Amino acid sequence: MSNGDAIVTKAARDQRLNFRASAQQQQLIRQAAEATDSTVTDFILGSVLESAERVLADRKWFVASEEQWAEFQALLDAPLVSMPKLDRLLRREGPFAESD
């Protein structure tokens, strides 16, 4: 059970969120909820919580000792290692590049 699943419980639901959706969006959400054997509310809440956790994952506080912080800063300040294959890849025209 993930954190999102643990939060989606009837006992924890004491707040209301309202939003509007088109008929097409609502139908798609209903179909997805049915496909996952969930209620529409559980499906929406689970999806939104999963997305919120992903967005916030890189914004959490990390604790480091003085030595770890110094090593981290040294790695950031160190010159880049040459990567010829990556250089070639970055110089290559992408598949969606517009041709003049």
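Good morning. I begin with helix α4, where the number of buried residues among its 12 is zero, so this helix lies largely in the open. Helix α4 covers residues 66-77 and reaches 16 Å from its first C-alpha to its last, close to the 16 Å expected at 1.5 Å a residue. Please keep in mind that this is a predicted model.

Let me place that helix within the whole. The protein chain has five helices and zero strands, and along the sequence the pattern reads α-α-α-α-α. How much of the chain is buried? Buried residues make up 4% of the 100 residues. The accessible surface of the chain comes to about 10000 Å², and carbon and sulfur atoms account for 56% of this surface.

I turn now to helix α2 and what follows it. Helix α2 has 13 residues and spans 18 Å from first C-alpha to last, close to the 18 Å expected at 1.5 Å a residue. Which residue takes a positive phi just after α2? That residue is Asp37, with a phi of about 55 degrees. As background, most residues other than glycine have a negative phi. Asp37 has its positive value although it is not a glycine. Asp37 lies in the loop between α2 and α3, and with a relative accessibility of 74% Asp37 counts as exposed.

Next come the charged pairs. Side chains of opposite charge can pair when their charged atoms come close. How many salt bridges are there? With a cut-off of 4 Å between a side-chain nitrogen of Lys or Arg and a carboxyl oxygen of Asp or Glu, the count comes to two.

One of these salt bridges joins Asp42 to Arg13, with the closest N and O atoms 2.1 Å apart. Asp42 belongs to helix α3 (residues 40-57), whereas Arg13 sits in the loop between α1 (3-7) and α2 (23-35), so the pair ties together parts that are 29 residues apart in sequence. Are these two residues exposed, partly exposed or buried? Asp42 counts as partly exposed, at 28% relative accessibility, and Arg13 counts as partly exposed at 29%.

Another salt bridge links Arg54 with Glu50, and here the closest N and O atoms are 3.3 Å apart. Both Arg54 and Glu50 lie in helix α3, four residues apart, about one turn of the helix. An α-helix has 3.6 residues a turn, so residues three or four places apart point the same way. In terms of accessibility, Arg54 counts as exposed at 55%, while Glu50 is partly exposed, with a relative accessible area of 49%. The cut-off explains the two labels, because exposed requires over 50%.

Finally, the largest pocket. Rolling a probe the size of a water molecule over the atoms shows where empty space is left. The largest pocket has a volume of about 540 Å³. Which residues lie nearest its centre? Of the 14 residues that line the largest pocket, those nearest its centre are Gln15, Arg16, Leu17, Thr41 and Leu45. Helix α3 gives the most to the lining, with five residues. By residue class, the lining divides into eight nonpolar, three polar and three charged.

Note on methods
Residues are numbered from 1 along each chain as its sequence is written. This is a predicted model: local features need pLDDT of at least 70, side-chain atom pairs count only at pLDDT 80 or more; totals for chains, interfaces and linings use all residues. Side-chain values use heavy atoms; hydrogens and water are left out. Helices (H or I, at least four residues) and strands (E, at least two) are DSSP runs, numbered from the N terminus. Buried means under 20% relative accessible area, exposed over 50%, partly exposed in between (1.4 Å probe, protein chains only). On a 1 Å grid over the protein atoms alone, a cavity is a set of points where a 1.4 Å probe fits but cannot get out, and a pocket is an open set with protein on both sides within 12 Å along at least five of seven lines; lining residues have an atom within 4 Å of a point. Grid points are joined across faces, edges and corners, and a volume is the space filled by probe spheres set on the points. Ala, Val, Leu, Ile, Met, Phe, Trp, Tyr, Cys and Pro count as nonpolar, Asp, Glu, Lys and Arg as charged, and the others, Gly among them, as polar. The expected span of a helix is 1.5 Å times one less than its number of residues. Accessible areas come from the Shrake-Rupley method with a 1.4 Å probe; for residues, only the protein chains shown count as cover.
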